[in-house]
Amino acid sequence: MMDISPIHIVDIAAFERTTPFRFPFRFGVARVTQAPQLFVRVVIEDGQGRTATGQSAEMMMPKWFDKSADLSTDDNINQLRLSVKLAMQALGAAGQSSPFGLHARVEAAHHETCAGYHLPGLVASYGLALVDRAIVDGFCRLHGLTIARAVQTNALGITTDTAPDLHGFDLTGFLANLAPQPTIAIRHTVGLGDVLWNRDLADTDRLNDGQPQTLQDVIAAYGHTFFKLKASGDVAADLHRLIAIAGVLDQKVGQYQLTIDGNEQFENADQVADLIDRIMAEPRLKNLWQSTLFLEQPIARANALMHPLGDLGARVPFEIDESDDSIGAFLAAKDLGYRGISSKSCKGFYRALLNCARVAHWNADAGENRFFMSAEDLTTQSGLALQQDLILASLIGARHIERNGHHYVAGMAGAPQAEQDAYLAQHGDLYHAGDTGQARLNIQNGQVSLATVTAAMGLGCAVTPDWSAMTPLAV
């Protein structure tokens, strides 16, 4: 561990700007056409009086963090705003420590405070995750470190204090061996409302914006071999949809791998078992099922961790996503037969690293690679948020990551052109200029380059967003 003096926060602020979508995105019951993106800016100071500014960003997606039918889209977004405000207050008053020490000092209390405002664990995690990442970014910039170097040397001061089940595990040795890869494959999301074939896209729905719109178009444009398929919980409808998707993948890709995301749309394990039975009995889905890596959170979070998966968990690997509302969630899920957990920056940088350590620890005990971690998306937008998520996914060893933000949003829609130009200049391997000059994700043969993201001082990004083009979040 590097010997680096503690830091404290001297200034912190949050901002937001709206991101319009090219066409609606559906997950579960939600149909989203635009959403605000939230940015956090923090100034830290060390014991020698040196200061640095850190930053982070994340979409405020409605109807995922809290899917209660009683809450409106505005209610959901206001929940996330409140979580960020509470996290800013908690960490701003946390005193001096290492970056992780500050996190550990407030994590439990922040979740308790949020619960007092009737904010679910995922909402509480969102605010803390954003401020933590801004602190990590500023800390790395203060010391001229890439995030890989900061993690490998444990300059962030990560301990097992928030994950006592890892006491005795060689966390320092584990962190020292984490290394981002030069590229990562993109696992394309096929949403519930996405059109599959060009012939099925109505003329009135064609965007004619030069970007792929149907699944057929996406495969031709980007060369994907990894996919994520959304399920609705209606077994008959899901079977029909999967057959249609398999028709595209089998014809246009051939060899592929995929995951199926239930998005909490199944009430219980019996419904999931019915879907699996019907998939396995359908000849047209033979290749699709053999190519399925795991099922993601099919059972609603209210029931998912109430009962063991039993034989169902032995048929196909299951992972939790929405049930991952705290640092202890993976432990509870493992005891019930779940084998995996998702990494999302919106749930926490440190949580992802510690859960990754658990996977390594449990697999060593099992003598096989039984447990796993995946990298998932929340329509994460190109620029700061995307790059912070990509570098985290690469650090935990993910060889592919779900990405959908670039498909539902035109480039860096909502960002000023000067900011987009800066990303093209600083991260020209990850983005390319579209016909209109927009910075768009540069996917080649189904993969993106992480070269400049990995080399950046800070948390994966060399560009400062245009704060003047945002609305300050009142604290």
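Which side chain meets Arg22 in a salt bridge? Select Asp209: its side chain meets that of Arg22 at 2.8 Å, N to O. A salt bridge here is a side-chain nitrogen of Lys or Arg within 4 Å of a carboxyl oxygen of Asp or Glu. Asp209 lies in the loop between β4 (183-190) and α6 (215-222) and Arg22 in strand β1 (residues 7-27), so the pair ties together parts 187 residues apart in sequence. Helices (H or I, at least four residues) and strands (E, at least two) are DSSP runs, numbered from the N terminus.

This is a predicted model: local features need pLDDT of at least 70, side-chain atom pairs count only at pLDDT 80 or more, and totals for chains, interfaces and linings use all residues. Residues are numbered from 1 along each chain as its sequence is written, and side-chain values use heavy atoms, with hydrogens and water left out.

Colour by accessibility next. Arg22 is buried at 12% relative accessibility, while Asp209 is partly exposed at 27%. Buried means under 20% relative accessible area, exposed over 50%, partly exposed in between (1.4 Å probe, protein chains only).

Now select Lys67 and Glu322, whose side chains form a salt bridge at 3.0 Å, N to O. Glu322 is buried, with a relative accessible area of 1%.

Move to Asp203 and Arg206, a salt bridge at 3.3 Å, N to O. Asp203 is exposed at 65%; Arg206 is partly exposed at 32%.

Finally, select Arg187, Lys228, Lys230, Asp261, Glu296, Glu376 and Glu402, which are linked in a network of salt bridges.
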